[in-house]
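Please read the points below with the model open beside you. They are meant as a colleague's notes, and each takes up one part of the fold.

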Amino acid sequence: MSLLPQRYQFSVKPQEALLMLITMFWGGTFLAVQYAVTLSDPFFFVGLRFATAALAVGMLSIKSLRGLTRLELKAGVSIGIAIAMGYSLQTWGLQTIPSSKSAFITAMYVPLVPLLQWLCLGKMPGLMSWLGVALAFIGLIFLAGPDGNLLALGQGEIITLIGALAIAAEIILISAWAGKVDIKRVTVVQLAVASLVSFMMMAPAGERLPPLSPGLLIVALGLGIFSAIIQVTMNWAQRSVSPTRATVIYTGEPVWAGIFGRIAGERLPAIALLGGACIVLGVLVSELKLRRKPAGEPSVGQSEG
């Protein structure tokens, strides 16, 4: 018999435990990318990273690729462009800001999603979404002000915030085609397009092909394969994990990034840590839904049987 009262009992599904583990490792990738941009320009690195991911997923989905439809191609191209812009700008920003700060700013894509849905689709956000957006932007002000100068955003912060907007657009595009396309085929297309777009942006950005050092290749190939594993695992796990619960789990990503950054010697000031906490709280609040409890409905955690 459990020693905990019934209303306080909780459980973690194997899928949720796996998402938690992945979130921890994903938080560490910010530090790895920050190291990579000391060896390569952003667009080339992102292109190489997603080329590896596309190849890895493509090898696992080679049979299903034969049935690629025009709708799946359209979806993959649109999502791939958003991925390329989101990750390239995030990587660009990491040249000038700490990895932990980048992770917290990137996490703002969650409360930004309902805001973009309102601006682009006319879908008014609910009260909790607005509260989440407000908390996230307050956190951004605390976090992003360089040298303690609040309300002042540096170049790295602005670039990373625009990248978060692109990632929010990616989420909206994925939702728009959810249930209408084959996940494996679209995943391969979007990863390939993300790689291609990133490579194409090298010339306008004035990038040149960097020396292919062992360190650069190891990080790019490692993150590429890891991205492929993450994508496949998330698609599998979220079949039985609700979007709200998954988002709560993913909120741990910037927290882990902050821990790894701390281990690596990054020291964010107290006001920045408060800002990061506000952003995480904003992410959690934006996923909450207010509803009235019908008469006779059991309280949260209370057994119905």
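How many residues has helix H12, and how far does H12 reach from its first C-alpha to its last?

1. Helix H12, residues 270–286, has 17 residues and reaches 24 Å from its first C-alpha to its last, which is close to the 24 Å expected at 1.5 Å a residue. The expected span of a helix is 1.5 Å times one less than its number of residues. Among the buried residues of H12 are Ala272, Gly275, Gly276, Cys278 and Ile279, where buried means under 20% relative accessible area, exposed means over 50%, and partly exposed lies in between, with a 1.4 Å probe and protein chains only.

2. Some remarks on the source belong here: this is a predicted model, in which local features need pLDDT of at least 70 and side-chain atom pairs count only at pLDDT 80 or more, while totals for chains, interfaces and linings use all residues. Residues are numbered from 1 along each chain as its sequence is written, and side-chain values use heavy atoms, with hydrogens and water left out.

3. The protein chain holds twelve helices and zero strands, where helices (H or I, at least four residues) and strands (E, at least two) are DSSP runs numbered from the N terminus. Of the 305 residues of the protein chain, 46% count as buried. Among contacts between residues at least 6 apart in sequence, 89% join residues at least 24 apart, a contact being heavy atoms within 4.5 Å.

4. The axes of helix H3 (residues 70–93) and helix H8 (residues 183–200) come within 7 Å and cross at roughly 45°, and that makes H3 oblique to H8. Axes here are lines fitted to C-alpha atoms, for helices over the stretch in contact, and angles run from 0 to 180 degrees between N-to-C directions. Angles under 35 degrees count as roughly parallel, over 145 as roughly antiparallel, 65 to 115 as roughly perpendicular and the rest as oblique. The crossing of H3 and H8 is right-handed; a crossing has that hand if the near helix is turned clockwise from the far one by less than a right angle, and is left-handed if anticlockwise. By class, the contact of H3 with H8 has eleven nonpolar, five polar and two charged residues, where Ala, Val, Leu, Ile, Met, Phe, Trp, Tyr, Cys and Pro count as nonpolar, Asp, Glu, Lys and Arg as charged, and the others, Gly among them, as polar.

5. Which residues does Val77 touch, not counting residues up to four places away in sequence? Val77, which lies in helix H3, touches Val189 and Val193 when those sequence neighbours are left out.

6. The contact is made by residues including Pro42, Phe43 and Phe45 of H2 and Ile83, Tyr87 and Trp92 of H3, and its residues divide into eight nonpolar, two polar and one charged. Met59, whose place is in helix H2 (residues 42–60), counts as exposed at 60% relative accessibility.

7. Are helix H5 and helix H7 roughly parallel or roughly perpendicular to each other? The axes of helix H5 (residues 109–121) and helix H7 (residues 155–177) come within 8 Å and cross at roughly 70°, and the two are therefore roughly perpendicular to each other. H5 passes H7 in a right-handed crossing, and the contact of H5 with H7 has twelve nonpolar, one polar and no charged residues. H7 itself has 23 residues and reaches 34 Å from its first C-alpha to its last, close to the 33 Å expected at 1.5 Å a residue, and H7 is followed by Gly179, whose phi is positive, near 80°.

8. Helix H4 (residues 99–106) is mostly covered, since eight of its eight residues are buried, and Lys101 and Phe104 are among them. Phe104 is also touched by Val255, as is Val280, not counting residues up to four places away in sequence. Val255 is found in helix H11 (residues 252–263) and counts as partly exposed at 38% relative accessibility.
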